[in-house]
Amino acid sequence: MQQIQSPRAWAAAVLADGVACIVDVETTGFEGSIVEIAAIDAATGAVLLDTLVDCGPAAIEPGAHAVHGITAADLIGAPRWPEVFAQLATVTEGRVVLAYNAPFDHGRVLHDCHRAGLDPAHLAEPVRWQCVMARRCEALGLGPEGRLRLGGGHRALSDVRATRALVMLLAEGRPDTAGLAALAARSADEARPGEDREHAVRLDDRAVQ
């Protein structure tokens with residue numbers, strides 16, 4: 001599947017029945033622990049997993065809270081990572097795992113498995129994870145290393161649904177109007193003075209996590 005070159009052909013392939021699921025995590029910070037995770041079936045959109053996660057003593061950084069709005073109080077009574085990971089491993093077994101910014105989500109899953117002393121099993125395999133943002137950026141002419149915010153609302157379930165909508169858009173060959181608008185806004189940001197431009201870049205980096 002990774003050998004499929006066209007973003008449109010790739011999207012059509014991962015939307016086939018039983019091929020892929022879409023995962024998103026919200027965290028305590030860029031290098032922190034998972035506080036929320038959701039997974040849906042790529043083909044149908046059916047919810048496979050949607051839960052907050054008790055991250056134990058890890059504190060939610062102010063910048064992360066500003067993005068997703070989750071507080072420590074929200075996590076009271078939520079399952080801990082070992083329980084959640086068991087569910088995640090089950091729903092992803094035998095599937096490609098799609099994520100909007102796959103290196104970030106993959107990294108946080110591995111981080112929390114290591115922290116809890118868990119074997120990440122098939123989710124340790126980088127080839128298992130595929131990045132929707134990379135394919136979107138390819139389609140927009142930015143190349144696979146491009147970065148572009150999702151605009152899904154920064155809660156795990158809303159983000160996986162927004163990611164699936166993008167994959168469907170690619171598969172159907174429809175114009176990515178939101179992506180084109182974001183590129184236009186980025187061009188305007190690049191025309192700003194240096195300090196304002198650096199601030200805009202930092203905000204954009206936070207938005208793709």
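In the predicted model, the buried residues of helix H3 are Trp81, Val84, Phe85, Leu88, Ala89, Val91 and Thr92. The elements that cover these buried positions of H3 include strand S1 (20-27), strand S2 (34-41), strand S3 (47-52), strand S4 (96-99) and helix H4 (102-116). The length of H3, which comprises residues 81-92, agrees with expectation, because 12 residues at 1.5 Å a residue should span 16 Å and the end C-alpha atoms are 16 Å apart. H3 is followed by Gly94, a residue with a positive phi near 75°.

Helix H4 was examined in the same terms. Its buried residues are Ala102, Phe104, Asp105, His106, Arg108, Val109, Asp112 and Cys113. These buried residues of H4 pack against S1, S2, H3, S4 and strand S5 (129-131). Gly117 follows H4 and has a positive phi, near 70°.

Two packed helices are described by the angle between their axes and the distance between the axes. For H3 and H4, the angle is about 130° and the axes are 10 Å apart. H3 is therefore oblique to H4. The crossing in which H3 passes H4 is left-handed. On the H3 side, the contact is made by Trp81, Pro82, Phe85 and Leu88, and on the H4 side by Val109, Asp112, Cys113 and Ala116. Divided by class, the residues of this contact of H3 with H4 are seven nonpolar, no polar and one charged. Of the H3 residues in the contact, Trp81, Phe85 and Leu88 are among those buried in H3; on the H4 side, Val109, Asp112 and Cys113 are among the buried residues of H4.

A further helix pair is formed by H5 (residues 132-139) and H6 (residues 156-172), which pack at an angle of about 40° with their axes 11 Å apart. H5 and H6 are therefore oblique to each other. H5 passes H6 in a crossing that is left-handed. In this contact, Val132, Arg135, Arg136 and Ala139 of H5 meet Thr163, Leu166, Val167 and Leu170 of H6. By class, five nonpolar, one polar and two charged residues make up the contact of H5 with H6.

Gly69 is located in the loop between helix H2 (62-68) and H3. The relative accessibility of Gly69 is 37%, so this residue counts as partly exposed. When residues up to four places away in sequence are not counted, Gly69 touches Ala64 and Asp74. The C-alpha atoms of Gly69 and Val23 are separated by 19 Å, with the two residues 46 residues apart along the chain.

Positive phi values also occur in residues other than glycine. In Ala121, phi is positive and near 55°, and this residue lies in the loop between H4 and S5. Ala121 counts as partly exposed because its relative accessibility is 39%. In His154, phi is likewise positive, near 60°, and the residue is found in the loop between H5 and H6. With a relative accessibility of 18%, His154 counts as buried, because the cut-off for a buried residue is under 20%.

Terms used
Residues are numbered from 1 along each chain as its sequence is written. This is a predicted model: local features need pLDDT of at least 70, side-chain atom pairs count only at pLDDT 80 or more; totals for chains, interfaces and linings use all residues. Side-chain values use heavy atoms; hydrogens and water are left out. Axes are lines fitted to C-alpha atoms, for helices over the stretch in contact, and angles run from 0 to 180 degrees between N-to-C directions. Helices (H or I, at least four residues) and strands (E, at least two) are DSSP runs, numbered from the N terminus. Angles under 35 degrees count as roughly parallel, over 145 as roughly antiparallel, 65 to 115 as roughly perpendicular and the rest as oblique. A crossing is left-handed if the near helix is turned anticlockwise from the far one by less than a right angle, and right-handed if clockwise. Contact means heavy atoms within 4.5 Å. Ala, Val, Leu, Ile, Met, Phe, Trp, Tyr, Cys and Pro count as nonpolar, Asp, Glu, Lys and Arg as charged, and the others, Gly among them, as polar. The expected span of a helix is 1.5 Å times one less than its number of residues. Buried means under 20% relative accessible area, exposed over 50%, partly exposed in between (1.4 Å probe, protein chains only).
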